[in-house]
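User: I have a chain open and would like to go through it with you. Could we settle a term before turning to the details?

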Amino acid sequence: MDMDSEEFEAELLYRVSLSVVRGMREQGLLTETEYHQLDTLLLKQCHPVIGTLLAGKPLE
């Protein structure tokens, strides 16, 4: 299955946004609860294909 350009853009937006949110959590600017709320919001707004499959599972 190939990813079309819209799916790629959605995935990219989700991953970049989540990276910013993760950095804010690591700096103590967000609580764990706020982090998970924002992750859920980003999933709903961006509709990433792969991100949805990996939601809640760290890639590190």
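Analyst: Helices are DSSP runs of H or I with at least four residues, numbered from the N terminus. In that sense, Glu6 is found in helix α1. Please bear in mind that this is a predicted model.

User: Understood. How many helices and strands does the chain have?

Analyst: The chain has three helices and zero strands. Along the sequence, the pattern reads α-α-α.

User: What is the average pLDDT of the chain?

Analyst: The average pLDDT is 86, and 82% of the residues score at least 70.

User: Which elements have the lowest and the highest mean pLDDT?

Analyst: The lowest mean belongs to helix α3, residues 49-54, at 67, whereas helix α1, residues 5-26, has the highest, at 94.

User: Turning to packing, at what angle do α1 and α2 pack?

Analyst: Helix α1 and helix α2, the latter covering residues 32-46, pack at about 170°, and their axes are 10 Å apart. Because angles over 145 degrees count as roughly antiparallel, α1 is roughly antiparallel to α2.

User: Which residues meet there?

Analyst: From α1, the residues are Ala10, Leu13, Tyr14, Ser17, Leu18, Val21, Arg22 and Arg25. On the α2 side they meet Glu32, Tyr35, Leu38, Asp39, Leu42, Leu43 and Cys46.

User: And by class, what does the contact of α1 with α2 have?

Analyst: The contact has ten nonpolar residues, one polar residue and four charged residues.

User: What share of the contacts with a separation of 6 or more comes from residues 24 or more positions apart?

Analyst: Such residues account for 60% of those contacts in the chain.

User: Is Gln45 buried or exposed?

Analyst: Gln45, which lies in helix α2, counts as exposed because its relative accessibility is 56%, and the cut-off for exposed is over 50%.

User: Back to Glu6, then. Buried or exposed?

Analyst: Glu6 is exposed, with a relative accessible area of 66%.

User: A change of topic: what is the phi of His47?

Analyst: The phi of His47 is near 55°, a positive value in a residue other than glycine. For context, most residues other than glycine have a negative phi.

User: Where is the place of His47?

Analyst: His47 is in the loop between α2 and α3. With a relative accessible area of 58%, His47 is exposed.

User: Finally, the chain as a whole. What percentage of its residues count as buried?

Analyst: Of the 60 residues, 23% count as buried. The chain exposes about 4,500 Å², and carbon and sulfur atoms supply 59% of that area.

Note on methods:
Residues are numbered from 1 along each chain as its sequence is written. This is a predicted model: local features need pLDDT of at least 70, side-chain atom pairs count only at pLDDT 80 or more; totals for chains, interfaces and linings use all residues. Side-chain values use heavy atoms; hydrogens and water are left out. pLDDT is the predictor's confidence in each residue, from 0 to 100. Helices (H or I, at least four residues) and strands (E, at least two) are DSSP runs, numbered from the N terminus. Axes are lines fitted to C-alpha atoms, for helices over the stretch in contact, and angles run from 0 to 180 degrees between N-to-C directions. Angles under 35 degrees count as roughly parallel, over 145 as roughly antiparallel, 65 to 115 as roughly perpendicular and the rest as oblique. Contact means heavy atoms within 4.5 Å. Ala, Val, Leu, Ile, Met, Phe, Trp, Tyr, Cys and Pro count as nonpolar, Asp, Glu, Lys and Arg as charged, and the others, Gly among them, as polar. Buried means under 20% relative accessible area, exposed over 50%, partly exposed in between (1.4 Å probe, protein chains only). Accessible areas come from the Shrake-Rupley method with a 1.4 Å probe; for residues, only the protein chains shown count as cover.
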